Amino acid sequence: MADVTVTEHLLLHQKQTPQATGQFTGLLYDLILSGKTISRRINKAGLLDILGGTGEVNVQGENVQKLDEIANRIMIYRMERCGALCAMSSEEEAELIRVSPEFPRGDYILIFDPLDGSSNIDVNINVGTIFSILRRPEGCTGEVALEEVLQPGRNQVAAGYILYGPSTMLVFSTGQGVHGFTLDPGVGEFLLSHPNMRIPEQGGIYSVNEGYRNNWDAPTREAVDWFHNCETQDGKFYSSRYVGALVADFHRTLIYGGIYMYPPYVNKPNGKLRLMCEASPLAFLAEQAGGKASDGKRRILDLQPERLHARTPLFIGSVKDVEAVEKVYARHKTA
Ligand code: AHM
Ligand code: MG
């Protein structure tokens, strides 16, 4: 295949993508630049003094890793200067970040998790940056109000992630399928490696943290048990895989099919994952790749966030596997 760079791909698709104005293409370009910068820092992590925690606890009540903080700063610094944004929200920041008037501003809103799966950093296992792009509602001007940002995932104009694994990959969608690019470190460019990614209709892998089983309610236990007892399309058992980095577990699910689950707990009815910076962008990709994403009862992309850091249970992946879970919850609802 002739090498197609991500910029070339964006320009080729610009004509077919109404939202792909120069402003939007510039936004993605700067996002990609931030990803390359983070990738470089991660590759050097074991050599520099940037492993481990900062000793601080973030807005989610979790320990902040040094690389979390570095990735967050890289994203905010680069993206507030890109000229296409009016506001941003980061998993690491409690409040909405309004782009300062000292920088040129645009109509887009960027929601991101700067370094997902950061508890894996110290053991050199995959982590990633997840992003979601929304447009400011028509007719809104002046200081951005929080309500303008709290949009359901179906409004996303683009979403994706950068996976820092054995190679660095960018996977994104602007609503015209899902395309994957691999970073060629020699030339510093993402090259198209996975055009038109599609999730198989049914997979053979389920992914969940079974250590929490005693904290699941009865329908959740039954939903997970379904994968212990059912067969794959080839008549085999389902396998279990859990990296503990959503972005990595999702990437595998996107390619091989199957299901990733972060269910509700008895005392945490919304689970752990954040709707706006984790579940919604990956749900957008799943649907664009022919898969499905649900909170067990409702489509993730239809959920209205009540606040920036709202959480949701997540079942995402192959259509048949996600529907199997929804059937269990529906049966319990009517029982
Ligand atoms: P993070 O964004 O702070 O890294 O937290 C989210 C991560 C997901 O990447 C991962 O799937 C999940 O937390 C793992 O949580 P747990 O250890 O509870 O299974
Ligand atoms: Mg995360």
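How far is an oxygen atom of ligand 1 from an N or O atom in the side chain of Lys272? The gap is 2.8 Å, and that counts as a polar contact (a pair of N or O atoms within 3.5 Å; within protein, one must be able to donate a hydrogen and the other to accept it, and residues adjacent in sequence count only if both atoms are side-chain atoms). Taken alone, ligand 1 exposes 470 Å², and the protein buries 87% of that (Shrake-Rupley areas with a 1.4 Å probe; for residues, only the protein chains shown count as cover).

Keep in mind that this is a predicted model: local features need pLDDT of at least 70, side-chain atom pairs count only at pLDDT 80 or more, and totals for chains, interfaces and linings use all residues. Residues are numbered from 1 along each chain as its sequence is written, chains are lettered from A and ligands numbered from 1 in the order in which they are written, and side-chain values use heavy atoms, with hydrogens and water left out.

**Around ligand 1**

- There are 17 residues around ligand 1, and Gly117, Tyr212, Tyr242, Leu246 and Tyr262 come nearest (near means that a heavy atom of the residue lies within 4 Å).
- A polar backbone atom of Leu246 sits 2.7 Å from an oxygen atom of the ligand, while a polar side-chain atom of Asp113 is 3.2 Å from a ligand oxygen.
- Strand E5 (108–116) and strand E13 (259–262) are the elements that give two or more residues to this shell (helices, H or I with at least four residues, and strands, E with at least two, are DSSP runs numbered from the N terminus).
- By type, the shell splits into six nonpolar, four polar and seven charged residues (Ala, Val, Leu, Ile, Met, Phe, Trp, Tyr, Cys and Pro count as nonpolar; Asp, Glu, Lys and Arg as charged; the others, Gly among them, as polar).
- Domain 1 (6–194) and domain 2 (205–334) both give residues to the shell, so ligand 1 lies between them (the bounds come from an automatic or database domain assignment).

**The magnesium ion**

- Ligand 2, the magnesium ion, is coordinated by Asp113 (OD), Asp116 (OD) and Glu278 (OE), at 1.8 to 2.2 Å (donors are N, O and S atoms within 2.8 Å of the metal, or 3.2 Å for Na, K and Ca; water is not among the atoms, so sites may look incomplete).
- Along the sequence, those donor residues follow the spacing D-x2-D-x161-E.
- Asp113 in strand E5 and Glu278 in helix H7 (residues 275–288) are 165 residues apart, so this pair links distant parts of the chain.
- Both Asp113 and Glu278 are buried (under 20% relative accessible area; exposed is over 50%, partly exposed in between, with a 1.4 Å probe and protein chains only).

- H7 is mostly covered, with 12 of its 14 residues buried; among them are Met276, Cys277, Pro281 and Phe284.
- Just after H7, Gly290 takes a positive phi of about 85 degrees.
- Val266 has its place in the loop between E13 and H7, and with a relative accessible area of 59% it is exposed.

- Leu115, in strand E5, counts as buried at 2% relative accessibility; its C-alpha is 5.0 Å from that of Thr129, 14 residues apart along the chain.
- His251 belongs to helix H6 (residues 246–256) and counts as buried at 10% relative accessibility.
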